[in-house]
Structures are given as structure tokens and as C-alpha cells.
Amino acid sequence: QDFSVCNGCQSLLTFYNNRHLLSDELQVLVRIVRVGDDRRLPEVIAYRTNNQNPISLRDLASNDVTQVRLKTEFDQLFGRACKYGIKRGEEEDVPQLPNELAGRLLLALYIGEPWSTHQKYRIFGDLESKIFSYHVSAPHIRLAQLLYEVIEPRLVTIENQ
């Protein structure tokens, strides 16, 4: 109860997906750290202990209060049609809108900087607080997603003038 994984999520997913192969002889080394109420500590742990795979800024933002709030709100309102993805490797029974794509859509539609959307590192970097401000809610994201679904297939018809 009240445990979370701040580094090792890919390993847990692999264990889960191969659970039929696990035996009682398997031994796994784990480190348990009590983080208390300091929400920054899991990010620091993930950043400093992950040496197997590169950590993206999106990965570091996955436990962010704003992202968790948006996921909860989005999934409650629109979860039958689509889920809001904040972590790589999450498997859902419906299509998923990754928060990185949501950030790019918000940047283009609400911030008015479509020319910056190819700079993915900025979504959870220097533009994060601007894109995912306190005033952004799940309906903002869903509207941007629906507009994108209409526009995206037609992008090939746009001529570069």
C-alpha cells in the first residue's frame, strides 16, 4: 500500500508480460526508499540511478502533479474513447494520447507556436510551464486532439508556398 516505482518500470512491465515464465527461484535485487511528501525526490532518484536507458524529460515529468491531474481528469471524462498517457510502456484497452503529443498540440493551438512543435525536448523543458499551465484542463487537450485527428490526414495536401 502506498508504494510507487520511480525507477524500474520497464523491468516491472517485462516481469508482468512474462509472468508465466517466472519461478520461485527468481531473485531480484530491489532498493526501497521512503520519499515522504517530497514529490521531487522520485525524480531525483530516477535521474541519478537510471544508467541502462536514457531518461527523457517526458519520463521525468510522468509523476509531476500537473500530469497526474490531467491524466485523472482526461481519463474520467474521455476514458471510454481515449486515455491520456504519461508513461512510456503503459498498455491501455483504448487508444492513448501521449502527453508529449498533447503538449505539442497545446503548443500549436493555445500557445500559438506551431513552428516550435518539432522541438520535442522543449515540451517538458523550457516550455512546460507555459504549455501545461494551471488553466489547462482535459477538455482543452481533447479539443486539440480532435482537431488534430481531422487535420493530420489532410496535411499531405498542403503545398509549401
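Let's start in helix α4 of this predicted model: arginine 69 and glutamate 73 both sit there, 4 residues apart, or about one turn of the helix. Their side chains meet in a salt bridge, with N to O at 3.5 Å.

**Confidence**
- The protein chain has a mean pLDDT of 85, and 87% of its residues reach 70 or more.
- Among the chain's elements, helix α7 (residues 138-151) has the highest mean pLDDT, 97, while helix α3 (residues 57-61) has the lowest, 58.

**Salt bridges**
- The count comes to 4 salt bridges, and the arginine 69–glutamate 73 pair is one of them.
- Both partners of that pair are partly exposed: arginine 69 has a relative accessible area of 28%, and glutamate 73 has 21%.
- Lysine 71 pairs with aspartate 75, and here the closest N and O atoms are 2.7 Å apart.
- These two are also 4 residues apart in helix α4, so about one helical turn separates them.
- Lysine 71 and aspartate 75 are both buried.
- Glutamate 113 and lysine 130 meet through their side chains at 3.2 Å, N to O.
- That last pair links distant parts of the chain, 17 residues apart: glutamate 113 is in the loop between α5 (99-109) and α6 (128-131), and lysine 130 is in helix α6.
- Glutamate 113 is buried, with a relative accessible area of 15%, whereas lysine 130 is partly exposed at 43%.

**Around lysine 71**
- Lysine 71 has a relative accessible area of 15%, so it counts as buried.
- Leaving aside neighbours within four places in sequence, lysine 71 is in contact with Tyr84, Ile86, Glu90 and Glu92.

**Aromatic rings**
- Searching the whole structure turns up 3 aromatic pairs.
- In one of them, the rings of phenylalanine 74 and tyrosine 84 have centres 5.7 Å apart and planes at 40°, so the pair is tilted.
- Phenylalanine 74 is in helix α4 (residues 65-78) and tyrosine 84 in strand β1 (residues 83-85), so the pair ties together parts 10 residues apart in sequence.
- Phenylalanine 74 is buried at 0% relative accessibility, and tyrosine 84 is buried at 0% too.
- Phe74, Phe78 and Tyr84 make up one aromatic cluster.
- Elsewhere, arginine 19 places its charged end over the ring of tyrosine 16, 4.0 Å from the ring centre.

Methods. Residues are numbered from 1 along each chain as its sequence is written. This is a predicted model: local features need pLDDT of at least 70, side-chain atom pairs count only at pLDDT 80 or more; totals for chains, interfaces and linings use all residues. Side-chain values use heavy atoms; hydrogens and water are left out. Rings of Phe, Tyr and Trp (its six-membered ring) pair if their centres lie within 6.5 Å; planes under 30 degrees apart count as stacked, over 60 as edge-to-face and the rest as tilted. Buried means under 20% relative accessible area, exposed over 50%, partly exposed in between (1.4 Å probe, protein chains only). A charge sits over a ring if NZ of Lys or CZ of Arg is within 6 Å of the ring centre and within 35 degrees of the ring normal. Contact means heavy atoms within 4.5 Å. pLDDT is the predictor's confidence in each residue, from 0 to 100.
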